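Trainee: I would like to learn how to read the features of a protein model. Could you take me through one, a feature at a time?

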Amino acid sequence: PRKLIQFFYATNSEGVGKLIEKIFIDIDRRKHSADDARIVAWNLVNFIKNDKEFNKLLKIKKFVVLWTGNSFHVLLLLRKSIDLSFYNKYLSYGSGKSKQESFIMKWADEINKKTKIPVIAGHEKSDKFIILDSSNTPSGKLARTPFSLHVKDWKTYDGICVPVSADDLKDKTLISRLTKLTPEKVLRDLEKYKKML
């Protein structure tokens, strides 16, 4: 089972109902290209940085972007913790919410309009859309650990989870560089990666 060979960590403490120190957004690309996911991640970071309404509500200490070995995670490390009610009000998604109420839905809509890549907020896997999924933000949820392997099957890994800078997301050659990574190359550049976490 994958759970026995891939490493995960609790994104915001172990257990339910604890304070949230970071906002976690998974970019699930499904059948879309990894380069589409790169473009979506780049735009997501920029829309968040420039969202005055969002930035009035909370202060971001640092952005951390992770290449998962297949797509991207965008993490917002917060200066001050928020609680589950803040997440439910502003960062969750669903049929009962509008993009005026949910920042994640608003950002998905803005990225969709700007890039013409079909993007929605949600959790359900879809071959039609790239999904912005913030559901791993509440405490007790798990995510892939940096420097772990992305496993294709029981004997093959097809990627390595490493941090990338937000500026790296502008680079059209980024995906080809990331897919050529080996554990040896990652270990050699570990100091560089540590600075991005």
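Mentor: Tyr 90, for instance, is buried at a relative accessible area of 19%. This is a predicted model, where local features need pLDDT of at least 70 and side-chain atom pairs count only at pLDDT 80 or more, while totals for chains, interfaces and linings use all residues. Residues are numbered from 1 along each chain as its sequence is written, and side-chain values use heavy atoms, with hydrogens and water left out.

Trainee: How many salt bridges are found in the whole structure?

Mentor: First, the idea: side chains of opposite charge can pair when their charged atoms come close. The rule asks for a side-chain nitrogen of Lys or Arg within 4 Å of a carboxyl oxygen of Asp or Glu. Searching the whole structure this way gives 11 salt bridges. In one of them, Asp 28 pairs with Lys 125, with 2.6 Å between the closest N and O atoms. Asp 28 belongs to strand β2 (residues 20-28) and Lys 125 to the loop between β5 (119-121) and β6 (130-133), so this pair ties together parts 97 residues apart in sequence. Helices (H or I, at least four residues) and strands (E, at least two) are DSSP runs, numbered from the N terminus.

Trainee: Where do Arg 38 and Asp 35 lie?

Mentor: Both are in helix α2 (residues 34-49), 3 residues apart, or about one turn of the helix. Arg 38 is buried at 5% relative accessibility, and Asp 35 is partly exposed at 26%. Now look at Lys 106 and Glu 53, whose side chains form a salt bridge at 4.0 Å, N to O. Lys 106 is in helix α5 (residues 103-115) and Glu 53 in helix α3 (residues 52-57), so the bridge ties together parts 53 residues apart in sequence.

Trainee: Which residues have the most contacts inside the largest nonpolar core?

Mentor: A nonpolar core is a set of buried Ala, Val, Leu, Ile, Met, Phe, Trp, Tyr and Cys residues joined through side-chain atoms within 4.5 Å. The largest one here has 49 residues, and those with the most contacts inside it are Ile 27, Phe 54, Phe 72, Leu 76, Leu 91 and Leu 132. Helix α2 gives the largest share of this core, 7 residues. There is also a second, separate core of 7 residues, with Val 64, Leu 77, Ala 143 and Cys 161 among them.

Trainee: What should I look for in the strands?

Mentor: In a regular strand the side chains alternate between the two faces of the sheet. Both faces of β6 are covered: Ile 130 and Leu 132 are buried on one side, Ile 131 and Asp 133 on the other. Two strands pair if DSSP finds at least two bridges between them. Strands β2 and β6 pair in the antiparallel sense over 3 bridges, and Asp 28 stands opposite Ile 131. Strands β5 and β6 pair in the parallel sense, also over 3 bridges, with Ile 120 opposite Ile 131.

Trainee: And how many aromatic pairs are there?

Mentor: Rings of Phe, Tyr and Trp (its six-membered ring) pair if their centres lie within 6.5 Å; planes under 30 degrees apart count as stacked, over 60 as edge-to-face and the rest as tilted. The count comes to 7 aromatic pairs. Phe 54 and Phe 103 have ring centres 5.0 Å apart and planes at 70 degrees, so they are edge-to-face. Phe 86 and Tyr 90 form a tilted pair, 4.8 Å centre to centre with 50 degrees between the planes. Ring pairs link Phe 54, Phe 86, Tyr 90, Phe 103 and Trp 107 into a cluster.

How values were computed:
Buried < 20%, exposed > 50% of the residue type's maximum accessible area, 1.4 Å probe, protein only.
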